[in-house]
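Look over the sequence and the fold, then read on.

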Amino acid sequence: RAGLMAARIELEDADRALLGWALGLCNGLVARLFTPDQAEVMDRIREEEGNLSDLLHRAIDEREPATVVTLMATIGGFWSIEGSHVTVITLGEAVAEVLADFRPRPEQRDQTRSVLSLLVANSMIITGSPVGASLSMLRDLRDGPGDPRIAAVTKLVLALADAGAGRLSAGLEEMSRCDEPVLARLALQSS
């Protein structure tokens, strides 16, 4: 019996250490995912995709929103870049459900906006319409301090969601001529 208890404690310690490692890895890579370091970052995430995906599924099952945000911001961005939109869509409802009442700490605000933008954008790509709960949460988080690139992505995704599927091309073209350089560049890249 004491051996079982020791084994359980050892397993729990190992799980905590694995999660701590994964969160540290994700926090270190996510800010570099959409930078000139992208190829290097993608290779590193690709090496750990199985571990990160397993931990994401566990965090969803255990309803741990802060963990889901950190993992999904990184691996979801990876999947989006790779064109694995169906993977993002498949997890979209479960992620949105876990995040439903989540109020991110200031240091997780950008990651949360990234995840919600990813869910809304991928839903629009596949189904033509955004996931309602994710869209509502993204609207609530749109303003405030943070990374200007993530603010621009948030603004772009919200504008496209408001435009609707039939006006995506026109909306992107219009935004590509706006006065905000980061937003204009993103719109141009997305068109």
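Which side chains meet in a salt bridge at 3.3 Å, N to O? They are those of Arg 63 and Glu 97. Keep in mind that this is a predicted model.

## A link between distant parts

The pair of Arg 63 and Glu 97 ties together distant parts of the chain, 34 residues apart. Arg 63 sits in the loop between helix H2 (38-61) and helix H3 (65-82). Glu 97 belongs to helix H4 (residues 85-99).

How accessible are the two partners? Arg 63 has 45% relative accessibility, so Arg 63 counts as partly exposed. Glu 97 reaches 53% and therefore counts as exposed; the cut-off for exposed is over 50%.

## Other salt bridges

The count of salt bridges comes to 13. One of them joins Asp 110 to Arg 113, with the closest N and O atoms 2.8 Å apart. Both residues lie in helix H5. Because they are 3 residues apart there, about one helical turn separates them. Arg 113 is buried, at 0% relative accessibility.

Asp 147 and Arg 149 form another salt bridge. Their closest N and O atoms are 2.8 Å apart. Asp 147 has a relative accessible area of 19%, so Asp 147 is buried; the cut-off is under 20%. Arg 149, at 34% relative accessibility, counts as partly exposed. Elsewhere, salt bridges with shared partners join Arg 32, Asp 37 and Glu 40 into one network.

## How H6 and H7 cross

Two packed helices are described by the angle between their axes and the distance between the axes. Helix H6 covers residues 132-141, and helix H7 covers residues 148-163. Their axes come within 11 Å and cross at roughly 130°. That angle makes H6 oblique to H7. Why oblique, and not roughly antiparallel? Because roughly antiparallel needs an angle over 145 degrees. The crossing of H6 and H7 is left-handed.

## A nonpolar patch on the surface

Which residues form a nonpolar patch on the surface? Val 86, Ile 125 and Ile 126 do. Together these three have about 290 Å² of accessible area.

Ile 126 lies in helix H5, which spans residues 109-127. Ile 126 counts as partly exposed because its relative accessibility is 43%. Arg 113 is buried, whereas Ile 126 is partly exposed.

Notes. Residues are numbered from 1 along each chain as its sequence is written. This is a predicted model: local features need pLDDT of at least 70, side-chain atom pairs count only at pLDDT 80 or more; totals for chains, interfaces and linings use all residues. Side-chain values use heavy atoms; hydrogens and water are left out. Patches are made of residues with over 30% relative accessible area and no salt bridge: like charges are joined within 9 Å, nonpolar side chains (Val, Leu, Ile, Met, Phe, Trp, Tyr) within 5 Å. Accessible areas come from the Shrake-Rupley method with a 1.4 Å probe; for residues, only the protein chains shown count as cover. A salt bridge is a side-chain nitrogen of Lys or Arg within 4 Å of a carboxyl oxygen of Asp or Glu. Helices (H or I, at least four residues) and strands (E, at least two) are DSSP runs, numbered from the N terminus. Buried means under 20% relative accessible area, exposed over 50%, partly exposed in between (1.4 Å probe, protein chains only). Axes are lines fitted to C-alpha atoms, for helices over the stretch in contact, and angles run from 0 to 180 degrees between N-to-C directions. Angles under 35 degrees count as roughly parallel, over 145 as roughly antiparallel, 65 to 115 as roughly perpendicular and the rest as oblique. A crossing is left-handed if the near helix is turned anticlockwise from the far one by less than a right angle, and right-handed if clockwise.
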